Amino acid sequence: MLPGLSEAAPIRAVRYSGFEAISAAELARRSPLRAGAEYSDSLVSFEVARVDSLYFSNGFVGARIRVDTSMSADGVDLRLSIEEGEPA
């Protein structure tokens, strides 16, 4: 968990960047990370694994996903930065 972050903190926004092969709508479609949901390290870990699996199933074996987190008094903003790599 991030220092100073309560697991009860609400998620304010989830953004994806660096994607080309898979649309933002597809990336967000089954994500457990949604505005208003409570932040959880396990949800973030699950989302990273889910996005990695989605890329793998689309032929991107070496995709990397990095999560940047910004805290405020209102909650947590998450950005998942994706390096797709080359398709296999």
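Glu47 and Arg50 sit three residues apart in helix α2 (residues 41-57), so about one helical turn separates them; helices here are DSSP runs of H or I with at least four residues, strands are runs of E with at least two, and both are numbered from the N terminus. The two side chains form a salt bridge, with their closest N and O atoms 2.7 Å apart; the term covers a side-chain nitrogen of Lys or Arg within 4 Å of a carboxyl oxygen of Asp or Glu. Glu47 is buried at 0% relative accessible area, and Arg50 is buried too, at 17% (buried is under 20%, exposed over 50%, partly exposed in between, with a 1.4 Å probe and protein chains only).

This is a predicted model, in which local features need pLDDT of at least 70 and side-chain atom pairs count only at pLDDT 80 or more, while totals for chains, interfaces and linings use all residues. Residues are numbered from 1 along each chain as its sequence is written, and side-chain values use heavy atoms, leaving out hydrogens and water.

Searching the whole structure turns up five salt bridges. Another of them pairs Arg12 with Asp77, at 2.7 Å from N to O. Arg12 belongs to strand β1 (residues 11-17) and Asp77 to strand β3 (residues 75-83), so this contact ties together parts 65 residues apart in sequence. Arg12 is partly exposed, at 37% relative accessible area, whereas Asp77 is buried, at 17%. Asp74 joins in as well: a network of salt bridges links Arg12, Asp74 and Asp77.

Then there is Arg66, whose salt bridge with Asp68 has its closest N and O atoms 3.1 Å apart. Arg66 is partly exposed, with a relative accessible area of 47%, and Asp68 counts as partly exposed at 32%.
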